[in-house]
Amino acid sequence: MKANDESRRPRIVVLDGHTLNPGDLDWSELAALGELTVYDRSGEKVVERAAGAPIVLTNKEMLDARRIEKLPDLRYIGVLATGMNVVDLEAAKRRGIVVTNVPGYAKHAVTEHVFALVLELAKLTGAHAQAVREGQWSKQEDFCFTVGPIVELAGKTMGIVGMGAIGGQVARVAGAMGMKVAAAHQRSMKEVSIPGVDIEWLALDELVERADVLTLHCPLTEATRGMMSAERMGRMKKSAFLINTGRGALVDEGALAEALREGRIAGAGLDVLSQEPPPADHPLVG
C-alpha cells in the first residue's frame with residue numbers, strides 16, 4: 001500500500017449496529033474495505049454521524065429526503081434488511097445514489113416464524129400449556145380438555161401476498177403441510193413456479209376472500225400502505241387468520257383491533273407494528 005492510499009479509503013458508517021450485530025458477528029471484513037465507524041443507534045444524529053461518508057449502512061434508521069439532501073458526499077446506501085421503506089428512493093435516485101437491500105436474507109427464519117404464529121393460532125398450544133399449569137385440566141371431569149377450537153390446516157388455503165424469497169418459502173412449507181396455496185397477482189413481479197407446489201394466482205380481493213390464512217410478505221410502499229383496510233378485512237372469512245411479518249403499516253391496525261374484538265376474523269399473528277416499539281396505548285397491545 002502506498003503512503004497516500006490510506007487517505008483514499010472511503011468512510012463507511014453503520015448507523016444502527018446494535019440491531020445488526022448483537023455481539024456474535026465480526027465487522028472485520030467490512031472494516032477492510034474502508035474507514036469503518038459503527039454506531040449502536042443514531043436516532044436524531046443520523047446526519048451528523050453520516051456526514052462526509054460516501055457509504056452508509058442502515059437497518060432501521062431512516063434516510064428520508066431531508067436527511068439525504070444534507071449528505072452531499074453520500075454515494076451508496078446499503079439497507080441491511082429486505083424492506084426498502086427506510087430510504088426515500090426517489091430522493092436517492094435524483095442524487096444518483098445507489099441503494100441496495102438483502103432480498104433473500106432470513107427466508108427460512110421468517111418462514112419458520114410465520115408458521116409458529118399460524119400454529120399457535122390454529123392449535124392454541126401456548127394457551128393450553130398455560131391453562132394446564134393453572135390447574136384447569138386437573139379440574140375437568142373428562143380426559144379431553146380444550147380452551148378453544150382446534151383448526152386442522154391440511155386442506156385449508158394459504159393466501160400469500162408477495163411471492164419473493166420469503167413468500168416462496170412459505171408456499172413450499174404450506175404445500176408440504178397439505179395446504180392449498182394461492183397468491184396475489186402483482187404487477188411488479190412475474191408469476192413464479194415452485195416445483196411440487198400448485199399455486200393458484202388470484203386478484204388480491206379474491207385472495208382475501210378465499211384464504212383461510214392470509215400472510216403478508218410484500219414491501220411497504222405508498223401503494224401497499226394500509227392495504228389491509230377495514231373494507232378489505234371485511235372480505236375475509238370469519239374463520240380466517242391474518243399473519244403479518246412484513247411491515248406493520250401494511251395493516252390498518254385500528255381496524256384490525258376492531259375486527260378482532262368483534263370476531264369478524266378468527267385471529268391475527270404479527271411481529272411488526274407501524275411504530276416499534278409500540279406505545280402503551282397501541283390498539284393491538286393487550
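Setting aside neighbours up to four places away in sequence, glycine 248 is in contact with Glu253, Val272, Leu273 and Ser274; contact here means heavy atoms within 4.5 Å. Glycine 248 sits in the loop between β10 and α11 (253–261). Helices (H or I, at least four residues) and strands (E, at least two) are DSSP runs, numbered from the N terminus. Glycine 248 has 4% relative accessibility, so it counts as buried. Buried means under 20% relative accessible area, exposed means over 50%, and partly exposed is in between, with a 1.4 Å probe and protein chains only.

Before going on, a word on the source. This is a predicted model: local features need pLDDT of at least 70, side-chain atom pairs count only at pLDDT 80 or more, and totals for chains, interfaces and linings use all residues. Residues are numbered from 1 along each chain as its sequence is written, and side-chain values use heavy atoms, with hydrogens and water left out.

Now the chain as a whole. It has 286 residues, and 40% of them count as buried. There are 11 helices and 11 strands. Along the principal axes, the C-alpha atoms fill a box of roughly 85 × 45 × 35 Å. If we take contacts between residues at least 6 apart in sequence, 54% join residues at least 24 apart. The side chains include 33 positive and 38 negative ones, and the centres of these two sets are 4 Å apart. Lys and Arg count as positive and Asp and Glu as negative, while His and the chain ends are not counted. Each charge is placed at NZ of Lys, CZ of Arg, CG of Asp or CD of Glu.

Next, helix α6, which covers residues 107–123. The expected span is 1.5 Å times one less than the number of residues.

Which residues of α6 are buried? They are Val110, Thr111, Val114, Phe115, Leu117, Val118 and Ala122. Seen down the axis of α6, the buried residues fall within an arc of 155°, so they line one face of the helix. That arc is taken from the directions from the helix axis to the C-beta atoms. As background, an α-helix has 3.6 residues a turn, so residues three or four places apart point the same way. The cover over the buried residues of α6 includes β6 (157–161), α8 (165–176), β9 (213–216), β10 (241–244) and β11 (267–270).

Buried in α8 are Ile166, Gly167, Gly168, Gln169, Val170, Ala171 and Ala174. They pack against α6, β6, β7 (180–184) and β9. Glycine 167 has 0% relative accessibility and therefore counts as buried. Not counting residues up to four places away in sequence, glycine 167 touches Ile160, Gly162 and His217. Its C-alpha atom is 16 Å from that of leucine 270, which is 103 residues away along the chain. Just after α8, glycine 178 takes a positive phi of about 85°.

Back to the end of α6. Leucine 124 lies in the loop between α6 and α7, and its phi is near 55°, a positive value in a residue other than glycine. Most residues other than glycine have a negative phi, and most peptide bonds are trans. A cis peptide bond joins glutamate 276 and proline 277, with omega about -5°. Proline 277 is in the segment after β11.

Helix α7 (residues 125–133) contains histidine 128. Is histidine 128 buried or exposed? At 14% relative accessibility, histidine 128 counts as buried. Leaving out residues up to four places away in sequence, histidine 128 touches Lys123, Phe145, Thr146, Val147 and Ile150.

Last, threonine 221, in the loop between β9 and α10 (230–233). With 34% relative accessibility, threonine 221 counts as partly exposed. Threonine 221 and leucine 250 are 29 residues apart in sequence, and their C-alpha atoms are 8.7 Å apart in space.
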